[in-house]
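With the model open in your viewer, please follow the stops below in order, selecting each group as it is named.

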Amino acid sequence: MTEEVFTPATAERVQELSQNLSAVRERIALATAAAGRSVEPELIVVTKFFPASDVVALHGLGVREVGENREQEAGPKAVLAAEHGATPRWHFIGQLQSNKAARVLRFASEVHSVDRAGLVTALAKAAARRAETDTGAEPTGIYLQVDLRGEDSLSEDPHAPRGGARPQELAGLAELVANSPALRLRGLMAVAPLGEDPRPAFERLAALSERLRSDHPEARELSAGMSGDLEAAVAAGATRLRIGSDVLGRRASLL
Ligand SMILES: *Cc1c(COP(=O)(O)O)cnc(C)c1O
């Protein structure tokens, strides 16, 4: 990997980010009011594929929660951003191999993409080790990612990649997290299935969340909603929104 050079965001870029951020915050406010909710969900700005300079600019605009989905990209970006004064809380939201758990916990406070027992165990071990060396370390926040595809699409393509545990696996995974002192169960996370109306999918998620909370009342967060479906997520009760392209622009890989 080449050494990343830090070039501060231009005034034009800061302006663009500022306008995009205002527009997204406005949408969140409207969706919250439309849902009859009094508290707005928390905005996590997803900066994947964008440089550390954008994280620094966003930090300057008041963004304190940032999401990333690849460890190789996020680790160096977090270091670079910190060197330039930006220390937001980092949320890891991507597919994660168990052997990368310790690397992710070097920068991430919360992991939204936990979908199997092996990963819980690896994160628990890494978080416990970190707590030994850093006694002030907060427990790592854990969201269990749910696969929201209906039975029909699952049987067509059971291994299509979007990640997530099956609903019937959630209780066991939640127990495993709850029994790990260095982890804290925050709630559920999901991505709306491709090619489906997000509303019924997010309603299924909300029902699963309610069921989870009967055993784990502390697991009250719901991480759902991206640029294209934030209104549907807010209507279904999302408490965390993960917004990338509507704040940062189109990702280079999609151009
Ligand atoms: C990229 C990503 C997002 C943000 O998506 P946008 O459509 O750019 O807002 C949210 N959640 C996950 C898991 C992602 O990978």
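Begin by selecting α1 and α2, where α1 passes α2 in a right-handed crossing (the near helix is turned clockwise from the far one by less than a right angle). This is a predicted model, in which local features need pLDDT of at least 70, side-chain atom pairs count only at pLDDT 80 or more, and totals for chains, interfaces and linings use all residues. Residues are numbered from 1 along each chain as its sequence is written, and side-chain values use heavy atoms, with hydrogens and water left out.

The axes of helix α1 (residues 11-34) and helix α2 (residues 52-60) come within 10 Å and cross at roughly 60°. That angle makes α1 oblique to α2 (oblique covers what is left after under 35 degrees, roughly parallel, over 145, roughly antiparallel, and 65 to 115, roughly perpendicular).

Finally, display the polar contacts (pairs of N or O atoms within 3.5 Å). An oxygen atom of the ligand lies 2.7 Å from a side-chain N or O atom of Lys48, a ligand nitrogen atom is 2.9 Å from one in the side chain of Arg242, and a polar side-chain atom of Arg251 is 2.6 Å from a ligand oxygen atom.

How values were computed:
Polar contact = N/O pair within 3.5 Å; in protein donor to acceptor, adjacent residues only side chain to side chain. Axes fitted to C-alpha atoms, helices over the stretch in contact; angles between N-to-C directions. Helix = DSSP H or I, 4+ residues; strand = E, 2+ residues; numbered from the N terminus.
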